[in-house]
Amino acid sequence: MPETKLMQSSTTSRRGGWWGIAFVVTLFVAAAMVSLPTARQSGRAIAAFYAAHAGVILIQQVLGVLTLVFFLGFALALGARRRQWLLVGTVLLAISELVTNIVPVILAVTNLGPDGAHAWTVIEDLADEALFISIAVFSVAAAIDEVGWVRAAGLVVAAIALLRVALTLFGVAALDALAPIAFLILVLILSVRMLMGRSKSMPTSTAYS
């Protein structure tokens, strides 16, 4: 019946809102644990860092995988199955996030030496750049069907993410903190709107189909 499908749609939307909030909280906790070195540092410094912080890094990456589970639940509730660009952004983000989790684990559990540590950190940095490109795609796709101010917020977050990528290529880290925070704020906005039943992620036509 239409009423039953509408209730199911509302329940899915609310659950997606909680997935989004769980993603924001868990990612914030994981990010606060330790800041990983980049390829701008020497191989010797990178190897020494991973040797000194192996336990914390492993816990951080486990939390990173957990945040990915929360993110996928959030993205599916937003309609990633039926919205092509949202699906593209979700898949790209998931793949790049997994790589940024796997590389630190490899560095933490192996003794690759300075050259190996630096080479793997280059891969980590490239995956990080891909992550922010996928964040830009996801942010636009997730907000495009929302009200004007949310759509504008999605465009701003995408612009910050892409600018962060461009600046990083020139060794400028000015947006390294702002870009992920802006994305988390957007996810939080979308999550709260889903919990309040104001998100356009679950169209009426879908609820009554």
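How many helices and strands are there in the protein chain?

**Figure 1. Overview of the predicted chain.** The protein chain has eight helices and zero strands, where helices (H or I, at least four residues) and strands (E, at least two) are DSSP runs numbered from the N terminus. This is a predicted model, in which local features need pLDDT of at least 70 and side-chain atom pairs count only at pLDDT 80 or more, while totals for chains, interfaces and linings use all residues. Residues are numbered from 1 along each chain as its sequence is written, and side-chain values use heavy atoms, with hydrogens and water left out. Of the 209 residues of the protein chain, 42% count as buried, that is, under 20% relative accessible area with a 1.4 Å probe and protein chains only, as against exposed at over 50% and partly exposed in between.

**Figure 2. Confidence along the chain.** The mean pLDDT, the predictor's confidence in each residue from 0 to 100, is 87 for the protein chain, and 88% of its residues reach 70 or more. Over residues 202–209, however, the pLDDT is below 50. Where pLDDT is low, the predicted coordinates should not be read in detail.

Figure 3. The structure holds seven aromatic pairs, which are rings of Phe, Tyr and Trp (its six-membered ring) with centres within 6.5 Å, called stacked if the planes are under 30 degrees apart, edge-to-face if over 60 and tilted for the rest. One of them joins Phe49 and Tyr50 edge-to-face, at 5.9 Å centre to centre and with 85° between the planes; Phe49 and Tyr50 are buried. In another, the ring centres of Phe71 and Phe138 are 4.9 Å apart with the planes at 55°, so this pair is tilted. Because Phe71 belongs to helix H3 (residues 54–78) and Phe138 to helix H5 (residues 113–143), the pair ties together parts that are 67 residues apart in sequence.

Figure 4. Ring pairs link Phe23, Phe71, Phe74, Phe138 and Phe183 into a cluster. Leaving aside neighbours within four places in sequence, Phe74 is in contact (heavy atoms within 4.5 Å) with residues including Trp19, Phe138 and Leu190.
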